Amino acid sequence: MDRADKRPAGGFSIAMPQVNGAPRPAIAAAVPSRLTLALPLPRRGVFHAFVALADGPPGATAAPVRLRVGVSDHRIYEGVTELILTPGTRTWIDLRADLSAYAGWKWSLFYRPDRITWRIVLAADATENVPAGVLWGEPEIVTDTDSAREYTARRQRLR
């Protein structure tokens, strides 16, 4: 997270919150916010995280928050998935986004997704004018064993 682009700059922290009695390491983020991570992606990659609304200040009114996961190559932004977190739901929600379109070989003379450093964008938007916070629990990009081996070899060649 040290090399990520954080907006707002002071709106993120690492925490170990408990949601419905289940602790998870998480990125606690203000709302609205955007966290952008630049990295090449593995074939058959899937972004995975457990998400939840953070506890608000005592006595504060809770409001829904829209979470978005997107991918950018500095020219365009493509939304991959979106989810609305509603107040009152005090549980971790499993969020997955298929990133397989952004790695691997494609039939094209010019488009080589394996050579692109993609920007993964995690965004949280307020749906009402109410302060809020969200938790991105255990965020990771997962893939199968063969794709992980190929990704490691490709990363070594690119260095």
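Mentor: With residue classes. Ala, Val, Leu, Ile, Met, Phe, Trp, Tyr, Cys and Pro count as nonpolar; Asp, Glu, Lys and Arg count as charged; the others, Gly among them, are polar. Keep in mind that this model is predicted.

Trainee: How does the lining of the largest pocket divide by class?

Mentor: Into 13 nonpolar, one polar and six charged residues. The volume of this pocket is about 410 Å³. Closest to its centre are Met1, Arg3, Leu37, Ala38 and Leu39.

Trainee: Which element supplies the largest share of that lining?

Mentor: Strand β6, with five residues. β11 and β12 each supply at least two.

Trainee: What is the volume of the second largest pocket, and which classes line it?

Mentor: About 220 Å³. Its lining has nine nonpolar, five polar and two charged residues. Leu53, Ala54, Asp55, Gly56 and Ala62 lie nearest the centre.

Trainee: Now the rings. What describes an aromatic pair?

Mentor: The distance of the centres and the angle of the planes. This structure holds two such pairs. For Phe47 and Trp136, the centres are 6.5 Å apart and the planes lie at 70°, so the pair is edge-to-face. Phe47 sits in β7 and Trp136 in β12, 89 residues apart. Both are buried.

Trainee: And what is the geometry of Tyr102 and Trp118?

Mentor: Edge-to-face: 5.0 Å centre to centre, with 70° between the planes. Tyr102 is in the loop between β10 and β11, and Trp118 is in β11, so the pair ties together parts 16 residues apart in sequence. Tyr102 and Trp118 are buried.

Trainee: Which residue lies over the face of Phe50?

Mentor: Arg24, at 3.7 Å from the ring centre.

Note on methods
Residues are numbered from 1 along each chain as its sequence is written. This is a predicted model: local features need pLDDT of at least 70, side-chain atom pairs count only at pLDDT 80 or more; totals for chains, interfaces and linings use all residues. Side-chain values use heavy atoms; hydrogens and water are left out. Rings of Phe, Tyr and Trp (its six-membered ring) pair if their centres lie within 6.5 Å; planes under 30 degrees apart count as stacked, over 60 as edge-to-face and the rest as tilted. Helices (H or I, at least four residues) and strands (E, at least two) are DSSP runs, numbered from the N terminus. Buried means under 20% relative accessible area, exposed over 50%, partly exposed in between (1.4 Å probe, protein chains only). A charge sits over a ring if NZ of Lys or CZ of Arg is within 6 Å of the ring centre and within 35 degrees of the ring normal. On a 1 Å grid over the protein atoms alone, a cavity is a set of points where a 1.4 Å probe fits but cannot get out, and a pocket is an open set with protein on both sides within 12 Å along at least five of seven lines; lining residues have an atom within 4 Å of a point. Grid points are joined across faces, edges and corners, and a volume is the space filled by probe spheres set on the points.
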